[in-house]
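Hi,

Here's the structure I said I'd pass on. Have a look at it first, then read my notes below.

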Amino acid sequence: MEMEKKKVLEKLKQKFPEKIKEISVQFGDENVLIESGFLLGIVQFLKNEPYAYNMLLDLTCVDYKDQEQRFEMVYHLYSLNNKQRLRIKTRLSEKDLSIDSLTSLWENANWLEREVYDMFGVQFRGHPDLRRIFMYEGFEGYPLRKDYPLRKRQPRIPLRK
Amino acid sequence: MSTRIQKEARKESLLLNMGPSHPAMHGTIRIMLELDSERILNSEVEVGYLHRGFEKTCENRTYFNLLPYTDRLNYVSPLINNLGYVMTVERMLGIEAPERAQYIRVIMSELSRISDHLTCLAAMAMECGAFTVFLYNMKAREFIWDVIEDTTGARMTTSYIRIGGVRADLHPDYKAVLKKAIVETRKVLKDVHGLLDKNKIFLNRTRDIAVVSPEKAISYGWTGPCLRSTGVYYDVRKASPYAVYDRLDFEVPLGERGDNFDRYMVRMKEMEQSLRIVEQAMEKIPGPSPSQLMAKGIEPAEAIKASRAKAVEKKIRLSPNLEGSEKEKYKNILAKDKKYIVPPKEDTYTTIEGIINHFKFFMREHGIRPPKGEVYFSVEGGNGELGYYIVSDGTDKPYRLHLRAPCFHIVSALEEMIQGRYIADVIPTFGSMNMIGGELDR
């Protein structure tokens, strides 16, 4: 199993030498840090045979407030055949806060990306219906960003006519 | 709020609002339906009515303090939520619970799974008109919750599984209560099979309704009983066994068609397997039983008084919080590393080391501080893979904590599942998903 895992990572490095910034293993999880522009291509490659990472387990974002490329998108892929999990990360800066949507590859990316948009304000290129999911329309700010205060109050929204 | 469907709907069709205060919507979800008489042309599912900022709150709590928040995610199987969180942190810290604690964890999470499935099926059957099934299932759940209450002291908000082990040992008489719960649950399962399996009314509303293909289910990120009902073999307990699941013998029931009835059937069969697991774990659980550890010793007040002069060497009968002498029991149910566990109360009250440990544990910036890095760990929850993604920056609070909620993925498929069907089909379809508001909306 360990050998298999190494193979995937090596193959990935061969295939996309300049697009992969870093490969690391921590707490038993494999991390791959890539350039944000190549996400769709790399994920598509991994989804196909023989690696068959056919499941998008999870998709989320982390806000590193003090770093230049502030937002880190985190994707967890899972291969049902090989019983392997892979974490793909990519950095976004606040100025250009957009990344390709994975809705063309997985259905659940739709809601997951809406959640990230709702909580962090990341724009997803090619998302069919990008709007808030947990918060209401008219909510100000992005609550999971580190500069959003824990106890911030929201303005009242006007009554509907 | 102007929702998408209000803009897109055809002029001649009827818009009907279902929920969030609709009894079949379980309180926290809203579906806007575009109808042609009773036929659903389109729909829009709106979630977020129970959003309470779980992830943001966790970023502002210490690793120890945020445990009670995890109870409130899935309030019918809180112990599995505890377990998922605790094991994620344990993986970062590199510690492992003692074997007895592992078995207790397995017993508790299987009991939770049974109570989760019972609740889901009870609601689903009741909404289809089978009120007897609801009452029977609730009865069985009471017996299971008796065991949970005896062990954890609470029925729902347990906070029982702790980093490094579990909070307390099993109740001295747990075996009798557990055996009773197993017998009663088996009886109820038999009755429910008899009431529903060939029931024409139930079959009409569930057979071949809301069919999901395996490809679709995978594409939607389904896990748990819902994914297995489509015939895909994936169970976290088998794919990457945690605790002691690899030492226990159980099967993973699969469905064939992926319709509402299969989702019902898979849950019923899974409960049977969970009961098997509990029985095996009950036999295999190692270590001295708690009744053997009811230590004879001096009274706590006496011990505290004596400790003023010098360290007490005699055994203390009760710890000062009246839970029985914790020191003896902690050996079997908590990890040894003093940095990560609350010291036994008899130590805290009678020795200087104990009090230092206590303060070091609870003082701000001093408690549990996992090394820098990030981790994803998942357990098999009541309705699928329950994963925690934690980013640590080396302080005593998680920098980011994200929950992979299984029913978030499942509910996102609802729009597609009910498209083209009748309004009446929404209810069993939604019921078979086991939507849990606390987990979905976080």
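Predicted model: local features only at pLDDT ≥ 70, side-chain atom pairs only at ≥ 80, totals over all residues.

**What I found**

Residues are numbered from 1 along each chain as its sequence is written, and chains are lettered from A and ligands numbered from 1 in the order in which they are written.

Back to A:Phe16, which sits in the loop between helix H1 (2–15) and strand S1 (20–26) of chain A (helices are DSSP runs of H or I with at least four residues, strands are runs of E with at least two, both numbered from the N terminus). Which residues does A:Phe16 contact, leaving aside neighbours within four places in sequence? They are A:Phe38 and A:Ile42 (a contact means C-beta atoms, placed from the backbone, within 7 Å). A:Ile42 is 26 residues away from A:Phe16 along the chain, yet their C-alpha atoms are separated by 7.9 Å.

As for chain A overall, you'll find 3 helices and 7 strands, running in the order α-β-β-α-β-β-β-β-α-β. Of its 161 residues, 34% are buried. The C-alpha atoms fill a box of roughly 60 × 35 × 25 Å along the principal axes.

Now for chain B. Helix H5 (residues 99–127) and helix H12 (residues 260–284) of chain B pack at about 155°, with axes 9 Å apart (axes are lines fitted to C-alpha atoms over the stretch in contact, and angles run from 0 to 180 degrees between N-to-C directions). That makes H5(B) roughly antiparallel to H12(B) (the word is used for angles over 145 degrees; under 35 is roughly parallel, 65 to 115 roughly perpendicular, and the rest oblique). Among the residues of H5(B) that meet H12(B) are B:Tyr103, B:Ile107 and B:Met124.

Finally, how do the two chains meet? In total, 32 residues of chain B are in contact with 29 residues of chain A. The side of chain B that touches chain A has 13 nonpolar, 12 polar and 7 charged residues (nonpolar covers Ala, Val, Leu, Ile, Met, Phe, Trp, Tyr, Cys and Pro; charged covers Asp, Glu, Lys and Arg; the others, Gly among them, are polar).

Cheers

Conventions: Contact = placed C-beta atoms within 7 Å. Buried ≥ 20, exposed ≤ 12 C-beta atoms within 10 Å, placed from the backbone.
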